[in-house]
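Some terms used for this model need their criteria spelled out.

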Amino acid sequence: STLKELILSENHIESIPESLKFCSSLRLLDLNHNVLKSLPVSFWSINGIVNINISFNKLNSLPETLSELKSLEVFNCSGNNLSYIPSLSKLTALKNFDATQNNLVEFPVLPIPASKGSLTHLYLGYNRIPNIPFAALAPHQITLTEFLIHNNLLREVPAELEYLVALKVLDLSNNDLKDLPATLGWVETLQHLKVDGNSIKTIRQALLTKPAAELKAFLRTRGPSLRGAADSSSSFSSTATGGKQAGGSAVDPQLLFRIRDMGSVSGLLDLSRLKLTNLSADLAEVVLTMPSSSSLAAIDVSNNKFNYLPLDMLQHLPMVRSLVATDNQLGDGQGLVSADGSPQNSGLTALDMSNNKLSSYLLSELLSNGNLVQLRDLCVSCNPLKAVDPLLNQLSQLRVLRLGFCGLVGSIDPLDVSNMPHLQTLDLSNNKLVTLGDSSASIFRAQQLEFLSLENNCMNEIPPQLALLPRLVTLLIVGNPQRAVRPQVVQQGSAKVLELLRSRLGLSEPPPANPTTMASSSRYGKGPNNNRI
């Protein structure tokens, strides 16, 4: 037969005839969403077949002869009742394997190629797999790009996953994990990391739901790379800056050469983990003359020893919108701007200075220049600010403001978020706040606010007016001494907390956006509905 593709999906087929073996030219066979309970032995003798889809049938087992399909590249057996997958060790051409939504109780034996692996996509979600044997993944460490093993029974993740140097997507959500290995932070290619729905107590819940880049940055602070210092510097050797960097002194030529070729594809100039103390004249010149400098959109100088922000260089890089300067020594010097000054308008829309030594005074000095008024995302978490700087109120374009772990005491006055009409995320977690103070009135008018974290403060009362914010979907209040919202309600999530806070105000759902109505907090005085929930 010359038949090459046979698609019989969604036809209530109960059996496949033995004559299928005569379709020797068949390359694609799609039998998904039928009612097959078994497959004929001859099914597995079509040697040239490349793509098989038998998903969402009623199969309880697969024969060992599956391993004879040496040309198979795509195999989808998801949505069946399989508790065991025969060895795939001989399927050295296999690129995409999907066994999602079965009853697997052990990790399958994957192809064992003679040289370089071929597997790029591995989907094992919704099973009962208890562990990940890295030995099974090792042959594919330079090819595997997507690995989904969510909704299983995993209790730990092997640190060796760092060696999956092509991995872009990793889904570990909804397992029994208690912690994450620090080495996941060193998987440079990893762009999407899902870990929600686990029992991880060693990492703040708010951080577990942040973008992969932020979670990876945190994980890197917890431990080194398995590959050693030479490979743990985000595309560079962390020792490449051996010479002095002050003034115009020489920087390692190898480092300068490597920087010159960076950023041309991603638009990111990654200078993280290079033990830099400043941008020397040599280094700055290389950055400004690299072929991709005019298209750079982001610069990462995190995990260095900077005591000032390299804002003066940004006036020569007009497309840069994001600067990440986490884990430096900002605050140790005389100020946050170099002696050469800062441009009149940096053009930055995102600035992350978390985990430094910033004081409220230094932050005020930085903001007083008026060159950051375009900021949309500002993170100064994990700095000893101790008080909110009023100049934050001039950042009218802010969408995200993170002030967690800043030692804020009492209230957040004089913060006025009514000057930030676009604000969507406000993180005030892990401080010593007792109340929102006079700033609460402006928060009640935050029409665009979607995420508000008040967790781990000293608040005795959570204002019920927060539940009137029309777009608010996440309200985190755990770790406060308040007694109005019972722990059982808090554990049920933000939706339940907001629902019950509204009930205290006699409402069943958020009112339509109306600043006037929301500002009139006097109508929500003490009353019979303000009892403990």
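Q: What makes histidine 192 the partner of valine 169?
A: A bridge joins valine 169 to histidine 192 in S9. The model is predicted: local features need pLDDT of at least 70, side-chain atom pairs count only at pLDDT 80 or more, and totals for chains, interfaces and linings use all residues. Residues are numbered from 1 along each chain as its sequence is written, and side-chain values use heavy atoms, with hydrogens and water left out.

Q: How do you know that strand S8 and S9 pair?
A: Pairing requires that DSSP finds at least two bridges between two strands. Strand S8 (residues 169-171) is joined to S9 by 3 bridges, so the two count as paired. They run parallel. Strands here are DSSP runs of E, at least two residues, and helices are runs of H or I, at least four residues, both numbered from the N terminus.

Q: Why is strand S9 called an edge strand?
A: The open sheet has 9 strands in the order S1-S2-S3-S4-S5-S6-S7-S8-S9, with parallel pairing. Strand S1 (5-7) and strand S9 (192-194) each pair on one side only.

Q: What makes 11 residues of the second largest pocket's lining nonpolar?
A: Ala, Val, Leu, Ile, Met, Phe, Trp, Tyr, Cys and Pro count as nonpolar, Asp, Glu, Lys and Arg as charged, and the others, Gly among them, as polar. By these classes the lining has 11 nonpolar, 10 polar and 6 charged residues.
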